[in-house]
Amino acid sequence: MALRLFNTMSSQIEEFHPLRDREVRMYACGPTVYDYGHIGNFRTFVAVDLLRRFFRQSGYTVRHVMNITDVDDKIIRNAARDGVSVQQYTAKYEKAFLEDAAMIGIEEPTLVRATEHIPEMAAFVATLVERGIAYRTDDGSYYFRIAKFPQYGKLSKKDFSGMLDGARVDVDEYDKVSARDFALWKAPKPGEASWDTSIGTGRPGWHLECSVMSMGALGESFDLHAGGEDLIFPHHENEIAQSESFTGKPFANFWFHARFLLVEGEKMSKSLGNFFTLRDLVLKGHKPSSIRYLLTSVPYRNQLNFTFDGLKQAAVSVERLRSFRLRLSSGTFADGSNSEMKALAAQAVERMTAALDDDLNTAQAQAAIFEMVRQANAAFDMGGIKKDDVAPLLAALAKFDEIFAVLDDDDGPKMKRVLEWAQAEGRDKEVSDALREALQSGQRSDADIEKKIGDMKDARSARDFKTSDAIRAELADAGILVEITKDGIRWRRK
Ligand code: AMP
Ligand code: ZN
């Protein structure tokens, strides 16, 4: 079965087929780097990451481009406030964004930065002016003439027929009901960053950046354009108007929008005190893997209500999957195979793929793997797993993890980096006891511990119990409990 995805353009679920054989070209609107990313931003970025991973698992090669908006109204305002250049200001937050994205398991897309493509943007505006689609105002700004693009509103399904010709707006994010000619290019204001270009001095508008950079990197027509639901209007509507007027061709084939994340049922906002960056959560002691798991547990088109109970539950789920994998990889099994176990693994893979094919139903994909784990654990306790069953069960877990990416235990080093960052920024007060405790027991990676367990096994087969006991004590000191059973050696974090 082929992947079926909801397309905001048609308001329907459609079968996905790339424009070019076996290659998916996708563009996601990236962050505006004026602050640390919050968990709402990461809901959207993780959803896009999942989609990319699933495309790959489905056999496509993927070109995934993301922009970094490194010049906009907020950035200019904040840089001026702090008395630093736009570049100095954004460099810090771009770095933080990339660290956070890696921390939460997002594979890095090809990045494009607005400030590195200014001449192309100016040339693009010049072409639109030549064709009478854009015009210059007395101050040296340029606007897109919406009346020249009759399909304006086709993505957001808004009717702009009563719109005032020539009414203008020069902020990037504007009133959602009124359409106005929007700024492509802004004339410089005193004290603001600007560039000298073929169309004069100034800076690009946000919408223009994405049109020029997406087509520059992926071609005039590509497969999929993604972002959070707030970008449908005006941002994506404006990108379509600019791009399609410029090329005369369809811009993106699929429009993929993630619904917003709420916190404890409310819109996240600083004034409500329910606003969390990724780093805030880690400082409270939560693992990046739990956060990623929670963000993927609700299909992208449903609202995700983030709660701390949910986050704890996500941590338990991840732990259950990890322990199961460890049970399989470190246990000893009788020779042979149990056809039921092979069928169970095959069924889990089939269900997972069917769920993801169904508009990326991540909740059902997770349910499928848990059903496998539940039944396999029961079989394990009854000696129902044989040597040859281990590989297919592990393969099913690996297939799950190609998409969800939570099984490898690298939380400790990641959390440690956040702790060090907080210390370097003078934010020690925000470091919770929970984080310090988590670091104590999490300092050792799974691989590290498994190596020690391997050493213990070797020592025990050589009847060197002294060494085995010493390793066990060392692990106990690091917060790791080791159990020696007739099936082998098992361990878990205290
Ligand atoms: P920004 O850095 O504000 O340009 O946003 C980056 C991405 O995060 C965009 O795709 C937004 O649509 C998305 N986004 C912002 N807030 C939320 C939220 N609460 N839930 C989900 N996505 C969001
Ligand atoms: Zn964009």
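The chain divides into domain 1 (18-258), domain 2 (263-404) and domain 3 (445-494), with bounds that come from an automatic or database domain assignment. Between the C-alpha centres of domain 1 and domain 3 there are 53 Å. This is a predicted model, in which local features need pLDDT of at least 70 and side-chain atom pairs count only at pLDDT 80 or more, while totals for chains, interfaces and linings use all residues. Residues are numbered from 1 along each chain as its sequence is written, ligands are numbered from 1 in the order in which they are written, and side-chain values use heavy atoms, without hydrogens and water.

**Around ligand 1**

- Ligand 1 is surrounded by 15 residues, each with a heavy atom within 4 Å of the ligand; the closest are G40, T44, G228, D230 and L261.
- By class, this shell holds 5 nonpolar, 8 polar and 2 charged residues; Asp, Glu, Lys and Arg count as charged, and Gly is among the polar ones.
- Helix α1 (39-57) and strand β12 (222-228) each supply at least two shell residues, and α1 gives the most, with 4. Helices (H or I, at least four residues) and strands (E, at least two) are DSSP runs, numbered from the N terminus.

**Polar contacts of ligand 1**

- Here a polar contact is a pair of N or O atoms within 3.5 Å.
- A ligand nitrogen lies 3.0 Å from a polar backbone atom of G40, and a ligand oxygen is 3.0 Å from a polar backbone atom of G228.

**Backbone details to look for**

- Most residues other than glycine have a negative phi, and most peptide bonds are trans.
- The peptide bond from F233 to P234 is cis, with omega near 0 degrees, and P234 belongs to helix α6 (residues 232-247).
- K157 is not a glycine, yet its phi is positive, near 60 degrees; K157 is found in the loop between β7 (142-144) and β8 (168-169).

Notes. Polar contact = N/O pair within 3.5 Å; in protein donor to acceptor, adjacent residues only side chain to side chain.
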